[in-house]
Every structure is written in C-alpha cells, then in structure tokens.
Amino acid sequence: MNASYFEEFGELDNIQTGTLKTPEPGEGEVLVRVEAAGVNPVDAAVARGMLNEVIPAQFPAIPGWDMAGVVEECSYAARRFEEGDEVYAYARRPTVQHGTFAEYVAIPESYLAERPQQVSMEASGGIPLVGLTAYQSLFQFGNLQENDTLLILGGSGGVGTMGIQLAKTVGATVIGVAGEDNQDYMKQLGADKTIDYSAGDVGEVVNEIAPDGIDFIFHCSRGDSLKQSIGSLKSGGQLISITNRNPDIPDDIDFRYVFVEPNAKQLKHIQELTDEGKISVPVSKTFDLNEVDSALQEIESLHSRGKTVITP
Ligand SMILES: NC(=O)c1ccc[n+]([C@@H]2O[C@H](COP(=O)([O-])OP(=O)(O)OC[C@H]3O[C@@H](n4cnc5c(N)ncnc54)[C@H](OP(=O)(O)O)[C@@H]3O)[C@@H](O)[C@H]2O)c1
C-alpha cells in the first residue's frame, strides 16, 4: 500500500512516501481503507521523537492517529462491523508504527464507531482526536454545566472548534479566545463572546465581559493567555489544560491535565450530535500522502483554523 513514513526521528522532511506492506488485521481487528486522516500537532511531535519515552516507535513508522474510512476486512472475532461500513476512529496505539497516513490501517474494532453521515468523509476524518479531546475535557474529566461561563483559550483551532460547539450543546455561555482573523469564525461556531489575544491582556477583557468571574477555563493554546486570565476564574472553578501539565495557578482551583484517550462510545455520541447538526467541522485544508511533511510543518505553527486533513 501507499504510505507516508519515517525511518528515524528528526526533521519533518525525513518523512517519505512509498510502498509498505498492507497490515494484516489480527484477532478482533478490522482493516480499514483510509479515506481521510486528520492532522494534529501531536503528529509532528511524534515524528520529531518528542513523545518517544511515552509512546515508542518501530520503524518504518507511519504517523497519524485520526481517520475515517471504509471497512475492507473483518478478522476472526471482529463482529461489530461489515465490509463496506463507513467508520471513524482515534487510532492511537501503544507503539507508533501503523498510523493512519496510509491507504490502509488495521485497528481493534473496539476503537471504531460509525462515522457521521451528515458531514463529508474529509470532515469525519478530522473529528476523532479533537472531538474526543474536547468531549473528555468538558464532560468526563471536567463537569461543564448549563449555567457555567466557559472560557476557551484557542477557540478557533481543531480542539477549540469542537469545544465551542460541544459546550453549546449543554447550554453553557462560551467566551472564545483566538487571534484577530478568527473572531467571526468563533461566533459562527456559537461563541457568545470572543476575545482577540493579540489586542491586549485577555484577563482584562474577561473581567469586563464577566465581572462576577468565570466557572471553567478550557486551556488549549500556548502563549500567555492562561496567565492573563486565571485571575478571572472563580474560587473552586475548573481549569482543564491539554497543553500544560503543571501551570502556575492558585491553590483553590480545581485543575486537571487531560491527555485524550480512544473511546468509541464517546465517538458514537459525537456522531449523533454531528448528524443532528449540532457540530460541524470546517476543513480548512487537505493534503495528499506526498505532502505529509508540509501538512505537519503547517500544523505545528499552532495557528490552524478548524481541521487539516490528509486524503490518501
Ligand atoms: N493533551 C491532549 O490530549 C491534546 C489533544 C489535542 C491537542 N493538544 C494540544 O493542544 C493544542 C491545540 O491543539 P489544536 O489541534 O486545537 O491546535 P491548532 O488547531 O493549531 O489551534 C491552536 C489555537 O490556539 C490559538 N492560539 C494561538 N496562540 C494563542 C494565544 N496566545 N492565546 C489564545 N489562543 C491562541 C489559535 O488561534 P490563532 O490561529 O487565531 O492564533 C488556534 O485557535 C496543541 O498544543 C496540541 O498539541 C493536546
């Protein structure tokens, strides 16, 4: 099969495209023909070897943890799906070797859910990692409630796009933070108020919008926005970060760092919300397998809007 892969950790232009053996699905696994694979900042970090101590690689290593596609073959004991079913998955495995930037991937059927039918295959392939990250942050490890005011730092990126829309499904009031060009975009997603981090101190604007304080900060950016806005979080308020394991915060904050985990049941719920029209996933750019290095270079700038997707 055609695949993008690297033979050693290092610069992103080490990534090449060529023919590798199509993986054989083991017991309980399904072979999926990948139609679309979401690109995430973590894919660049993996190729650079930055996660090697947590998730080792076997070379040649195919990057990519997101995908939507069509079931090609179900192995022994894989009974939930049939050939031809359209599925999607967050396909992170204990080892980086058989990723989704390839024509085929073999994964346990327990990772898979039916893909949303009301959005394109490309959009479906961009949902799993960012969708599960936002879902787990707001509803599993965090406990976002209808009357809460939520501040999302990084509201226009892949995770923020899902975060704004998921938060609106429970009726929370959402303040989205991103750069100047993304203010309208966040409003279209449903943000009640937006803040341009490049125009000044984010915390000062939050205090004007919510003088009584906010209940929840979802931190999915880098930069100084968290430092500037943490003082606006109420005592006992929730802070979930996906970018900083050890932020400098007051003692009375309910803090969790979240690292997203595969979860097919939650993917099913996200599929239902998407098919009900409550979630859309704007795909800002698509690349083919020969352009994976360029796609990863762009994604690691951390200024993407919506999702970038590889179409093998
Ligand atoms: N722990 C986990 O499980 C997990 C899972 C997924 C992602 N992540 C991490 O979470 C981060 C976001 O991922 P992503 O896929 O959403 O990235 P992305 O698509 O590149 O989005 C980044 C977002 O951050 C905004 N931003 C940049 N500088 C900012 C600042 N100073 N203050 C506030 N917002 C700022 C960008 O807006 P502009 O473009 O307007 O600047 C954009 O909305 C990445 O670092 C990624 O590695 C972690």
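Buried area is the accessible area, taken with a 1.4 Å probe, that two parts lose on being put together, summed over both. The exercises below apply to a predicted model.

**Exercise 1. Describe how the chain is divided and how far apart the centres of domain 1 and domain 2 lie.**

Begin with the domain assignment, which gives domain 1 as 2-127 + 281-310 and domain 2 as 130-257. Then take the centres over C-alpha atoms, which places domain 1 and domain 2 28 Å apart.

**Exercise 2. Characterise the interface between domain 1 and domain 2 by its contacts, buried area and polar pairs.**

Start from the contacts, in which 12 residues of domain 1 meet 13 residues of domain 2. Next comes the area: the two domains bury about 910 Å² between them, and carbon and sulfur atoms account for 58% of it. On the side of domain 1 that touches domain 2, the residues divide into five nonpolar, five polar and two charged. Finally, turn to the specific pairs: six residue pairs, both members at pLDDT 80 or more, are in polar contact across the two domains, while the count of salt bridges between them is zero.

**Exercise 3. Work out which residues surround the ligand and which polar distances can be listed for its oxygen atoms.**

First list the surroundings, which comprise 28 residues, with S156, G179, Y197, S225 and H303 the closest. Then consider the backbone, where a polar atom of G157 lies 2.9 Å from a ligand oxygen and a polar atom of V260 lies 2.8 Å from a ligand oxygen. For the side chain of R222, an N or O atom is 3.1 Å from an oxygen of the ligand.

Terms used
Residues are numbered from 1 along each chain as its sequence is written. This is a predicted model: local features need pLDDT of at least 70, side-chain atom pairs count only at pLDDT 80 or more; totals for chains, interfaces and linings use all residues. Side-chain values use heavy atoms; hydrogens and water are left out. Domain bounds come from an automatic or database domain assignment. Contact means heavy atoms within 4.5 Å. A salt bridge is a side-chain nitrogen of Lys or Arg within 4 Å of a carboxyl oxygen of Asp or Glu. A polar contact is a pair of N or O atoms within 3.5 Å; within protein, one must be able to donate a hydrogen and the other to accept it, and residues adjacent in sequence count only if both atoms are side-chain atoms. Ala, Val, Leu, Ile, Met, Phe, Trp, Tyr, Cys and Pro count as nonpolar, Asp, Glu, Lys and Arg as charged, and the others, Gly among them, as polar. A residue is near a molecule or strand if one of its heavy atoms lies within 4 Å of it.
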